[in-house]
Every structure is written in structure tokens, then in C-alpha cells.
Amino acid sequence: MKLSNIKRFWISFILAIPMLIQMIAMPFHWMMPGYNWIAFITTTIIMAISAAPYWKSAWAAFKKHSANMNTLVAVGTSVAYFYSIFAMFTGREVYFESAAFVTVFVLLGDAMEEKMHDNASNALAKLMDLQAKDAEVLRDGKYVKIPLEDVQVGDLIRVKPGEKIPVDGTIMEGSSTIDESMVTGESMPVTKKAGDPVVGSTINNNGTITFKATKIGQDTMLAQIVDLVKKAQTSHAPIQKMTDKISNIFVPAVLIIAILTFIIWYAFLGATIVEAMLFAVSVIVIACPCALGLATPTALMVGTARSAKMGVLIKNGEVLEEVSDIDTVVFDKTGTITIGKPEVTDIIGDNEKVLSVAASLEESSEHPLASAIMKKATEEKIPLIKANHFEAIEGKGVKAEYNDQIAFVGSEKIASNIEIPQEISQNAEQLQRQAKIVVYVGFNNQIIGLIAIQDTPKPSSKEAITELKKRGLTTIMLTGDNEKVAQAIADEVGIDKVIAGVLPTEKAQHIKDLQNSGKKVAFVGDGINDAPALSTADVGIAMGSGTDIAIDSGGIVLVQNDLRGVVRALDISKKTFNRIKLNLFWALIYNTIGIPIAAGLFMGLGLTLSPELAGLAMAFSSVSVVGSSLLLNKTKIAGDTTQKAV
């Protein structure tokens, strides 16, 4: 049976108590009866149960002609242990306590790391436990309660005030305010009505709603969040490779220093073989870079767990390192900076004719502007005529046959071969200066009118852009809209630079151009149309769209469709990576300072370290790194409403 580090620590600590008592009693010249045999038996059990994994790891590394952190633990404890056996049977002083307490203190650091892992796992398990256990589902014309695992996609589910929403879905009837803080980090309840998405495990506050189940089981938003956080916590940041390289050089170097310490003390400084051995063992123990191994995973675990509470999902450790170098943030416009629900504001020309042609063609289109035109036509009760031979022209618009004539709807590019009347051009320019998108409507080889559509910025966009600029970041808008409309939106929210008129397939190339000019780029988009740009950027930040948060293209996913999440994502990522660097610095400094003390260089000043004290000091370095990582839970993050920072 494999024991946990926590159990191994307590076993070792309890077995080492007799040796601790003897160490305390030594100044009073009291000797425990049969102490040598007691120390031998208890230390042997400690070696067999608690130190064995370190020896196995060291041996496995040795067979591959390498060394790891456990090599130092194995060498230090085995030297002290086997010498003490020899000393016991030859009437010399034993040092079993050195082997025992080094193991105890090494396990103390490992046990704390394991406890942190367990706490993180328990937190995720508790998150999953927040799910409702059953659901009130429509069956045979009436609502009945069934177990959650029996819910199917497409089921109609009723949720009353105060109840948990069982699975993800879309509201079909009713309205209410929903507490979504557990998945989005947003403290204020969100008002939901028919057509809006709901997330499983969130709480329905004050109204009865009926919704259709769209995602169940492992496909729900909560399950995806838990899965992403688990993957992030077990991933490795590239900086971890540096620690592995350091260990491969550091461990053999320490063993050489320990051997030289033994030789110099024994051969040149007149120490006894036992004294020289203790100096060498102290060097090996104090130098054990366990804290080096804890520096990255503990910070990564705390940082990703906290970010998830804020609605920011960091997919892996590599993202943290990339974020630290970001100097430019590029945004998609529609749905990212703007609300993404454009509405028709002006129609130039014969209102009914223009809307009829435009809506008849756009009925087959999935473009966001098409829905605005269709909505307006429905409101105006405009009759539609079936369009034939529909053709979507990327980045320009659509063409089709309308009443046996060629008709088109789109940007100015689609009318490039047609002479545009001066009055139409003037109207178009005036509308564009008002930050409105202008759609040209053509019929029978003539421009018959314009439709102006406006998509307003999100209320949070200006605040987010301001915060990013305060951090010294350059902000750029990358959009397919014409330059006048894009610039008007950019001016409103404070964007530094606009790149307009870009086709979807060209966005990734613009990102590459920025990178080739020496920029480190983060791209913020919706994760669907912007997938190539998200993948090309140094850091892709995908805005959450409804409950579809498992977006492969983004290294960071924002659960809320809110640009302030970008600020939080960059802040927590940078602070987590900086904490990793701080942990590594202290771990290395600790070892570097400790080695000469353990080697006896300051013995003349009365400053020495016995192996057990070296083990305690080494354990303290591990504890300090774990504590440093835990402080990430308290560091201040802009806009974090999940807890009060101290």
C-alpha cells in the first residue's frame, strides 16, 4: 500500500520522538537506557517506510546517468545511517538522529505540498458538489423530479425561486435574476429572460423559469471549468525546465563540494573522520533543492485556482510566462469591444424596397449584420421574396437573384464595379462619421439605397482599455469594418491604433506582422471567427460566448463576455509568474548561503550546522516557498470581487 507524504511524515515524526527526547536531555548528561538500539530500530523503520521513495528515485536517476533532488536526500541519510550502524557495533558515537530528522524535515516540506494539492483538489470537488442532485423535468405533460444523471439534452426543465439550475440551457419561458458568482466571479445577480443562456449549478433568485437543456454531464460549463483548472494545475511552465537543468548541474556539484569538504577537514584541518563526515553530510542536506522543485507547481496551483474564481481560465503554465512579456493587446471589434448586437438606425432610399431586397438576401446569411436587417424587416412587416442562387462573398457581402434580377447587399467593396451616386456617397460618409456601419443595397446593377447599422461599445470597454494603457500596454483594434466606423469606436473607448478593412483570413497575418516588428502580442477575440489570430498571437484570450468556454484556440478563456476580464487575466498571470521567479530566487539563495555555513567555513565565528539542523533549515526553505505561493490568494487584483485583498 502506497502511503501519502502526510502519513509518512507523521510516522517518521512519532518514531523520531525518542531521539528528540535524547537530544533535549543531552545537555543535562542523561542517557536513555538502550538508546542505541532504540535509535537503530526506529531509524531503520523510518528508512524503510519514509526514506525509501527518495532512495528509489535517486537510484532510478543514477541508472540514467543523472541526478535529482532526491539524490542529495538519499546520499545524506544513507551516509549518516550506515555509519551509525558501523559505529554502534564498534563502540563509537552514533548519529541515527541525523538520518531520522533529515527524513522528517524533508517530508515536512513534501507533506505541505501534498496538503496544498489536496486542498486544491477538494476545492474543485466542492465546486462539482454544488450541482443540483435532481431536476424538475417535463414528462408526459407534467413536471416530475428525476435524478440529474437522467436529464437529456432537449428536456424542458422548470426551476423555482431559490433552486439551483441543474444543467446548462436556454430559457424558454419566464424571467428571473440568477446568481452566477460561482462560475463568473461576478458578485451581482444577472437578469435573465426568454432566449438567454443559463449555467448549471447557478442559483435562481426570484422568478420561476422554464429552460431547455443544451448541455449535460461533462459538457456543462462547470465541468469544463473544473477540467481546465485541473489541466492547468498539472501543467509545467517553461521556466520549470530551467529548474530541472539547474538540478542536473547543482546536485553533482554539491556532491563534489561535500567530498572536498570531507577531504579538507579530515586531511588538512585535523578533524576526526566522524567530524569530517558530519560536515559533508550537512553540506549535502542543506543543499537539497527541494524548495526549487516546489517553486513553480505551488504558485501555478494557487494562481490558476484563484483566477478561476474570477472567471479567468488559464489553460497551462506556458501562458503565464508569455504574458509576462506582453507589450501589445490587439482586439477584435464586434462582440469583443462592442456589444455584438447591432441594430438598424437609418435607411436611405425607398424604405420598403431597400429593406425588402436586403432582408430577402440576408435571410440565408449568418452574419451578425444580417440579423439586424432581418429584425428591422420583421418590425416593419416587410414582405420577403425568395432569393435564388445565393452567394456569400467573403469580406464584401452577399449576392442573389431577386425578382429575376441580380441584387446585392454588403460593404462598398461589393459595389466596386458600379457608379455610386454622389448623394449616396455623401450620406454614407456622414453615417460613418457617426460610427455607423453602412450597408449598400443594389438591384438591377444600381445602388438603390443604404442601411446604417450601429453596434455600440460595451459599458466596460473604455474602463478596461484605460486600465491596460495605465499598465504601459499598446492597444490596437483589428477589424473588418471600414476605417471611419472603426476609428469612431476606437476614439470612444480610447484604443491607440486601428487596423481596419481586414478580412477574417488576414487577421493572423497582421498579428504576425506585429510580432515580426518585435512586439509581444496578446489577441482578444470571440474564439470562433478569430481562431487563427488567437492561435497565432503569443497569448490568445478568448471571450466566453454563452456557455461555450472550452475554446481550444485561446490560452486564456474569459467566462464573462467583459473586457475587464482581460485586465484581470493579465494581472493574475503576471503576478503568478513573478511569484514563481521570486520563489526560485529565494530557493537558490537559501541553498547558496547555507552551503558554506554547513561546510564549516564560519566555524571560527561559532556558526555551524549539524545534519539535523541543516535538515530543519532545508525544510524551512520549502515551507517558506509554499507560504510565498499561498500569498497569491491575498495579492490585489484589479476588479476582483471574489474576496477582500489584504
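1. Helix α1. In this predicted model, helix α1 covers residues 5–25. Its 21 residues, at 1.5 Å each, should span 30 Å. The C-alpha atoms at its ends lie 30 Å apart, so expectation and model agree. The helix still has a kink of about 45°, placed at Ile17. Buried positions in α1 are Asn5, Arg8, Phe9, Ser12, Ala16, Met19, Gln22 and Ala25.

2. The chain as a whole. The chain holds 20 helices and 22 strands. It has 646 residues, and 51% of them count as buried. Take the contacts between residues at least 6 apart in sequence: 69% of these join residues at least 24 apart.

3. Helix α8 against helix α19. Helix α8 runs over residues 273–287 and helix α19 over residues 564–598. The two pack at an angle of about 170°, and their axes are 8 Å apart. An angle over 145 degrees counts as roughly antiparallel, so α8 and α19 are roughly antiparallel to each other. On the α8 side, the meeting residues are Phe279, Ser282, Val283, Ile286 and Ala287. On the α19 side they are Asn591, Gly594, Ile595 and Ala598. By class, this contact of α8 with α19 has six nonpolar residues, three polar and no charged ones.

4. Helix α15 against helix α19. Helix α19 also packs with helix α15, residues 461–470. Here the angle is about 30°, with the axes 7 Å apart. Under 35 degrees counts as roughly parallel, so α15 and α19 are roughly parallel to each other. Helix α15 supplies Glu463, Ala464, Glu467 and Leu468 to the contact. Helix α19 supplies Arg564, Val566, Val567 and Leu570. The contact of α15 with α19 divides into five nonpolar residues, no polar and three charged.

5. Ala213. This residue sits in strand β9, residues 209–215. Is Ala213 buried or exposed? Its relative accessible area is 1%, so Ala213 is buried; the cut-off for buried is under 20%. Asp155 lies 58 residues from Ala213 in sequence, yet their C-alpha atoms are 5.4 Å apart. Setting aside neighbours within four places in sequence, Ala213 is in contact with Val151, Gln152, Val153, Gly154, Asp155 and Ile157, and also with Val167, Asp168 and Gly169.

6. Gln432. Helix α14, residues 422–433, contains Gln432. Its relative accessibility is 9%, so Gln432 counts as buried. Which residues does Gln432 contact, leaving aside neighbours within four places in sequence? They are Val438, Asn482, Lys484 and Val485.

7. Asp140. Asp140 has a positive phi of about 55°, although it is not a glycine. Asp140 is in the loop between β1 (134–139) and β2 (142–147). With a relative accessible area of 84%, Asp140 is exposed; the cut-off for exposed is over 50%.

8. Asn445. Asn445 is not a glycine, but has a positive phi of about 65°. Where is Asn445 found? Asn445 is in the loop between β16 (437–443) and β17 (446–454). Its relative accessible area is 59%, so Asn445 is exposed.

Terms used: Residues numbered from 1 in each chain as written. Predicted model: local features only at pLDDT ≥ 70, side-chain atom pairs only at ≥ 80, totals over all residues. Heavy atoms only, no water. Helix = DSSP H or I, 4+ residues; strand = E, 2+ residues; numbered from the N terminus. Expected span 1.5 Å × (residues − 1). Bend = angle between axes of the 7 residues up to and from the residue. Buried < 20%, exposed > 50% of the residue type's maximum accessible area, 1.4 Å probe, protein only. Axes fitted to C-alpha atoms, helices over the stretch in contact; angles between N-to-C directions. Parallel < 35°, antiparallel > 145°, perpendicular 65-115°, else oblique. Contact = heavy atoms within 4.5 Å. Nonpolar A, V, L, I, M, F, W, Y, C, P; charged D, E, K, R; others polar.
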